[in-house]
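Take a moment to look over the chain before reading on.

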Amino acid sequence: MQTLAQWDGGPGPWILFFPLIWAAVVVGAVTLLRRTAGRGRRGPWSRPDVSRPAGDSPLAVLGRRFASGEIDEDEYWRRLSVLDEQFGRRGGAA
């Protein structure tokens, strides 16, 4: 009986393709997991949000600017109402 490992007296050069195929399968699986598993939640492979530093919500920035005196009370309340219209109510009230 002929088997793949003993074809014509020994393995041919095609036997080198098996490790390459397995390497491609492993690299493909890792790539697929990295691209799909972390979507929408934080994990070790997720990319950080570069649009603003962590913990700086628009409300926190607005409160910080008001506390430091950059904007007055009228400006604070006007901007706060715009944020409420744009992002919804704070504190879960529907």
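A salt bridge is a side-chain nitrogen of Lys or Arg within 4 Å of a carboxyl oxygen of Asp or Glu. Side chains of opposite charge can pair when their charged atoms come close. Keep that cut-off in mind for the first example. Glu 70 and Arg 65 form a salt bridge, with their closest N and O atoms 3.1 Å apart. Glu 70 is exposed, because its relative accessibility is 54% and the exposed class begins over 50%. Arg 65 has 25% relative accessibility, so Arg 65 counts as partly exposed. The model you are looking at is a predicted one.

Now step back to the whole chain. How many helices and strands does the protein chain have? There are three helices and zero strands. Read from the N terminus, the order of elements is α-α-α. The protein chain has 94 residues, and 11% of them count as buried. Its accessible surface is about 8,400 Å². Carbon and sulfur atoms account for 62% of that surface.

Start with helix 1, which covers residues 17–36. Trp 22 sits in this helix. Is Trp 22 buried or exposed? Trp 22 has a relative accessible area of 58%, so Trp 22 is exposed. Trp 22 also belongs to a nonpolar surface patch of about 850 Å².

Next come the rings. A pair of aromatic rings is described by the distance of the centres and the angle of the planes. The whole structure holds two aromatic pairs. One joins Phe 66 and Tyr 76: the ring centres are 4.7 Å apart and the planes meet at 25°, so this pair is stacked. Where do the two partners lie? Phe 66 is in helix 2 (residues 58–68), and Tyr 76 is in helix 3 (residues 73–87). The pair therefore ties together parts that are 10 residues apart in sequence. The two partners differ in cover. Phe 66 is partly exposed, at 35% relative accessibility. Tyr 76 is buried, with a relative accessible area of 17%.

Tyr 76 has a further ring partner, Trp 77. Here the centres are 5.2 Å apart and the planes stand at 75°, an edge-to-face pair. Trp 77 counts as partly exposed, at 49% relative accessibility. Together, the ring pairs link Phe 66, Tyr 76 and Trp 77 into a cluster.

Stay with helix 3 and check its length. How far apart are its end C-alpha atoms? They are 21 Å apart. Helix 3 has 15 residues, and at 1.5 Å a residue they should span 21 Å, which agrees. Now look at what helix 3 keeps under cover. Its buried residues are Glu 75, Tyr 76, Leu 80, Leu 83 and Asp 84. These buried residues pack against helix 2.

Glu 75 has a relative accessible area of 18%, so Glu 75 is buried. The bridge between Glu 75 and Arg 79 spans 2.4 Å, N to O.

An α-helix has 3.6 residues a turn, so residues three or four places apart point the same way. Arg 78 and Glu 75 are three residues apart in helix 3, about one turn of the helix. Glu 75 and Arg 79 are four residues apart in helix 3, so about one helical turn separates them. Both arginines keep some surface open. Arg 78 is partly exposed at 46% relative accessibility. Arg 79 is partly exposed at 31%.

Return, last, to the salt bridges as a group. The structure holds three of them. One links Glu 70 with Arg 65.

Notes. Residues are numbered from 1 along each chain as its sequence is written. This is a predicted model: local features need pLDDT of at least 70, side-chain atom pairs count only at pLDDT 80 or more; totals for chains, interfaces and linings use all residues. Side-chain values use heavy atoms; hydrogens and water are left out. Helices (H or I, at least four residues) and strands (E, at least two) are DSSP runs, numbered from the N terminus. Buried means under 20% relative accessible area, exposed over 50%, partly exposed in between (1.4 Å probe, protein chains only). Accessible areas come from the Shrake-Rupley method with a 1.4 Å probe; for residues, only the protein chains shown count as cover. Patches are made of residues with over 30% relative accessible area and no salt bridge: like charges are joined within 9 Å, nonpolar side chains (Val, Leu, Ile, Met, Phe, Trp, Tyr) within 5 Å. Rings of Phe, Tyr and Trp (its six-membered ring) pair if their centres lie within 6.5 Å; planes under 30 degrees apart count as stacked, over 60 as edge-to-face and the rest as tilted. The expected span of a helix is 1.5 Å times one less than its number of residues. Contact means heavy atoms within 4.5 Å.
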